[in-house]
Amino acid sequence: MKKFMVGILGGAALSLGATAASAATLDDVKAKGFVQCGVHTGLAGFAAPDDAGDWTGFDVDMCRAVAAAVFGDADAVQYTPTNATERFTALQSGEIDLLARNTTWTLTRDTTLGLTFAGVNYYDGQGFMINQTKLPDINSAMQLSGAAICVQSGTTTELNLADYFAANNMEYNPVVFQGFDETNAAYEAGRCDAYTTDASGLYALRLTLANPDEHVVLPEIISKEPLGPAVRQGDDQWFNIVKWTLYAMIQAEELGITSENLEEMMTSESPEIRRVLGLEDESTIGQGLGLENDWVQAIVREVGNYGEVFDRNIGSGSPLAIARGLNALWTDGGLQYAMPIR
Amino acid sequence: MASQMSVRAEEPAQVSWVNDPKTRGIVVQVVVAVALIGFIYWIIGNTAENLRRANIASGFGFLSGRAGFDLSQSMIPYSSNSTFLRAITVGLLNTMLVAITGIITATIVGFLIGLGRLSRNWLIGRICTVYVEVFRNIPPLLVIFFWYVGVLAVLPGPRQSVDLPFGGMINNRGFYMPRIIAEPGFWLVPAAFALAVVALIGIVVWARRRQMATGQTFPTVRVGLALLIGLPVIAFLITGSPATIEYPEMAGFSLQGGWVVRPEFLSLYLALSLYTASFIAEIARAGVLGVAKGQSEASYSLGISPRRTLRLVVVPQALRIIIPPLTSQYLNLTKNSSLAIAVGYADLVAIGQTTMNQTGQAIEVVAIWIVVYLGLSLLTSAFMNWYNAKMALVER
Amino acid sequence: MQEHDLSYVRMEMVNAQNAPEREKGVTRWLRKNLFATPMDGVLTLIGLLIVAYALPNIIRWAFIDAAWVGPDRSVCSTQSQGGIQPDGWSGACWAFVNAKFSQFMYGRYPVFERWRVNLTAVMFVALLVPLLIPRVPFKAINAIVFFGVFPVVAYFLLVGGSFGLSTVQTSLWGGLLVTMVLSFVAISVSLPFGILLALGRRSKLPVIKMICVVFIETIRGVPLISVLFMASVMLPLFMPAGTTFDRFLRAVIGLSIFASAYMAEVVRGGLQAIPKGQYEGASSLGLGYWQSMGLIVLPQALKLVIPGIVNTFIGLFKDTSLVYIVGMFDLLAIVRQNFSDSNWASPQTPKSGLIFAGLVFWAFCFAMSRYSIYMERRLDTGHKN
């Protein structure tokens, strides 16, 4: 019976998970039929399951766009909710193919964690949120000296916070939690005066509080937090696919191609639009990536362009209502700039 | 049959080496050892390869690097400019703080509850039984959360702090108490206390000898208390009260000054104490029940008073039964203090995990955990074994 | 005897008298059990005060004032908090538990596939109950089915991917389902491994003994959290590049390793309690090591330590709540995760949710501990004098 049990467990182990990922992520992904995407455990607007259990959000749409590029079907994604601690391990070990979990691109992460950032899908910065009804006099982060501040550990946020207060000769009392939910709960319960994380996270969090109107985000942004999708080092093909998926979304917005006018655009005479959509006779825009030539079409049709995704999840069309700001196209004074698709 | 037996008896060395238990034992051991060493070698090889591929540094060099994060509670000076080593030391001290205070409280509460269950008082017995059955069957993590959520939800914000006697205050940022600030000359007070302790030990030894020799008893407890309290108070008054008391006051966001216990510590400490107390209660009860009834009856028949019977006859024998399981409860409490991570108390595991995140050096951090916790376990075991040996039955 | 001059000898029997008033009925019970000594009286009064203060408050909070049903947080918050309850109201928010009940049970397991979980649960109960009742026959077959066949069936039912069932990823599992599966697997794995480790620790072969001692003492000396971290963060590092483990499997491995070490010590206690004559008797019958262990020693030893094994199970069941630290959503974790649902955020929600989770854990652990006491009594007969 003992042996029997061991045998069963061994079998379960093999079929449950112990799969060997080879260097060619694209082949693996195609073989299993879906993209395994690491997302946040639940950050409104970026990645959160809705009531039916389907994941939606800005980061989720990044995963969906990659799936659309590879399979022509944005639903060919499986999600792995990850917390701040395990996100890198999950990617390193091959548990996930792509990490789209508002992760800040830093030098040490690029060099010591075995991962590569494929681009920036959201330019963010760290801010503070306070409860205005409890602290009516506070309107600047410089007034926070002596405050108790809730922060999630293991993040760049925690380090920026220490640097900011040290640089401004202010004191504070850190209230540190490992998990996102615990940190939120402590802030909501009044354990801290202020909450700090990326500004986007603050807006998302504010929505989930019982009385969102009581809380305000202070104007100071104390750090640069370029958030982007990351892949494992050492697989340039997969890296290119993710990178160019992001660029394709931005490019589509630049060219005015949306999921709604895609059919119209297919008949466009503009050589650039025809090239990007893979409509040229001898088109090769998918070949080098190992994809079909209509991969940009698939992304736009299934997910939409960058602007649509932004508005739908976190922008004007969503409860978060975050302004485009730095994330506007470069043509509108923002930083989103796609390398040319040609 | 008989002839076979006699043949065997004549040739005892005829056993094939395959069936010789000694040879088989050696072969089995060699095989297992080789397999284990091979397995470890394989793991080390894989790990080295993985680390190299992922470009993760290895070694303990990171410990001298700048930590960069702040901590909410520290018993030694610490800032974000301190090293990782110092951060981990802070964590270790915090772990020990909550473990030691928790062990003391759990022991007191546990023994009270355990004896309460044995009490002839029906109501007290019922209350204690309910306590034990509730706490023993709930995960400690849930108890911690309950205290944390309960404490935070009930307590008011810093601006509506509740006043407590003696200038203490409580709000959802912590439990504030006045702090004694020493001035020059104050050192005499602790010195007097130390003197009282030394004197007390002397008195105990002398009183025991005298009792052995003459049978006369000495009121050690009363004299001891008088010494312990009296001497420091006298020293304090003689030196002209060289201390001021700092009261917590509202300033800025919260109360400033005084001595503060944070809710994170409080909830962890309360949860661990009350959870472990339910187990200690059962151990204490079993210990007392384990002493044969004849022992106390014999003691009564010798004319020894019930209180003395408890102290001199029942408790020493019960302790022999109690100490081994009590030790493992103490170890459990120490290990359970790692649940601090759930409420954000900066213990060894929480700080270790932050370090792990900031440096990516998981193996080194886990190694530190193992060494430290094993060390703490061994220390506790060693102390309790010493105490156990002291209490053990001395057979003449 | 006759020499004694007895001036008075009573010649008639004394009639039976009623017991004194204070020595019978309620008075006697009160005096004996509540007010035997002045100290006892004081204690009783304190106890009464505690009960008189706590009980009505608890009952009012949990039953009378509780919000049982409702669509969202408004039923659980006062008017000043934006709800419908009068200010100053305080009651349990069972409506929250009610609304989230299926999540607490299944996690994010797809709604249309939940019959698979239910079917597994029914099979589990149907197999477990006869196994637990001593009078029911066919124990051996039952045990083989329970520990051998059932896990396979349950695996294919829950995970799916064959027999026309769709695959349900373990990341979707949650709630009581995860708690139960984790504890069942860890318990079933830890028992055989624990026995092997215990035998190893009592082995006469020094190398084997040393390996087992080091393993057992190391695992028992560190907190479960660090073992779970090891399983979740370090296991991928130990394996050849590219090998990945399902997160669920990693938690199972961590829990099983941890439980095995504790189980080993329990079993060792049983082995030590077996008289030396039994070992010698087995040897003198010509039985080899495994035969004498399997046929003579272990059956007796395991029977002796059934209560200890059940206690280890209880501990393990409670410890599964720690897996949230490695990103799994067991019952406690999923209850807590739902606190941050803005639809239900109210001051009463966390307390109510935690009490619900506590009740579920309590019910399981209490049942197990009662069963262990029952078995202890049953097995005790004839062993001690």
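These are my notebook entries on a predicted model, taken by topic.

**Entry: domains of chain A**

I started with how chain A is divided. The assignment gives domain 1 as 20-123 + 226-332 and domain 2 as 126-223. I noted that domain 1 of chain A is written as two stretches, with domain 2 of chain A numbered between them. I then looked up the distance between the centres of these two domains, taken over C-alpha atoms, and it is 30 Å.

Next I went to a sheet in chain A. It is an open sheet of 5 strands with mixed pairing, and I wrote the order down as β11-β10-β12-β9-β13. Which strands stand at the edges? I found β11 (172-177) and β13 (215-217) of chain A there, each pairing on one side only. On average, neighbouring strands in this sheet are turned by 30 degrees against each other, with direction ignored.

I followed one pair in detail. Strand β9 (residues 126-131) of chain A runs antiparallel to β13(A), and 3 bridges join the two. For A:Asn131 I looked up the bridge partner in β13(A), which is A:His215.

Helix α6 (residues 156-167) of chain A lies across β9, β10 (147-152), β11 and β12 (194-198) of chain A. I noted that α6(A) runs at about 155 degrees to β10(A).

**Entry: the sheet in chain B**

I then looked for a sheet in chain B. I found an open one of 4 strands with antiparallel pairing, in the order β1-β2-β3-β8. Its edges are β1 (162-163) and β8 (259-261) of chain B; each has a single partner strand, so one side of each is left without a neighbour in the sheet. I checked one position here: B:Asn171 stands opposite B:Gly174 in β3(B).

**Entry: where chain B touches its partners**

I took the contact with chain A to begin with. It involves 29 residues of chain B and 29 residues of chain A. On the chain B side, the elements giving two or more residues are α2, α5 and α11 (348-359). Which element gives the most to this side? It is α11(B), with 5 residues. By class, I recorded 12 nonpolar, 14 polar and 3 charged residues on this side of chain B.

The contact with chain C came next. Here 42 residues of chain B meet 45 residues of chain C. Two or more residues on the chain B side come from each of α2 (21-54), α4 (122-136), α5 (140-154) and α12 (362-391). I found that α2(B) gives the most, with 12 residues. This side of chain B has 27 nonpolar, 10 polar and 5 charged residues.

**Entry: domains of chain C**

Chain C is divided into domain 1 (24-81) and domain 2 (96-380). Their centres, taken over C-alpha atoms, are 37 Å apart. I looked up the contact and found 7 residues from domain 1 of chain C and 9 from domain 2 of chain C. The domain 1 side of it has 3 nonpolar, 2 polar and 2 charged residues.

**Entry: two helices in chain C**

My last entry is on a helix pair. The axes of α8 (residues 224-238) and α9 (residues 247-273) of chain C come within 9 Å and cross at roughly 140 degrees. Are they parallel, antiparallel, perpendicular or oblique? An angle over 145 degrees would count as roughly antiparallel, and α8(C) and α9(C) are therefore oblique to each other. I noted the crossing of α8(C) and α9(C) as right-handed. In α8(C), the residues that meet α9(C) include C:Leu224, C:Val227 and C:Leu235. On the α9(C) side, I listed C:Ile253, C:Gly254 and C:Phe258 among them. By class, the residues of this contact divide into 10 nonpolar, 2 polar and 1 charged.

Notes
Residues numbered from 1 in each chain as written. Chains lettered and ligands numbered in written order. Predicted model: local features only at pLDDT ≥ 70, side-chain atom pairs only at ≥ 80, totals over all residues. Domains from an automatic or database assignment. Contact = placed C-beta atoms within 7 Å. Nonpolar A, V, L, I, M, F, W, Y, C, P; charged D, E, K, R; others polar. Pairing = 2+ DSSP bridges. Axes fitted to C-alpha atoms, helices over the stretch in contact; angles between N-to-C directions. Parallel < 35°, antiparallel > 145°, perpendicular 65-115°, else oblique. Left-handed = near helix turned anticlockwise from the far one by under 90°.
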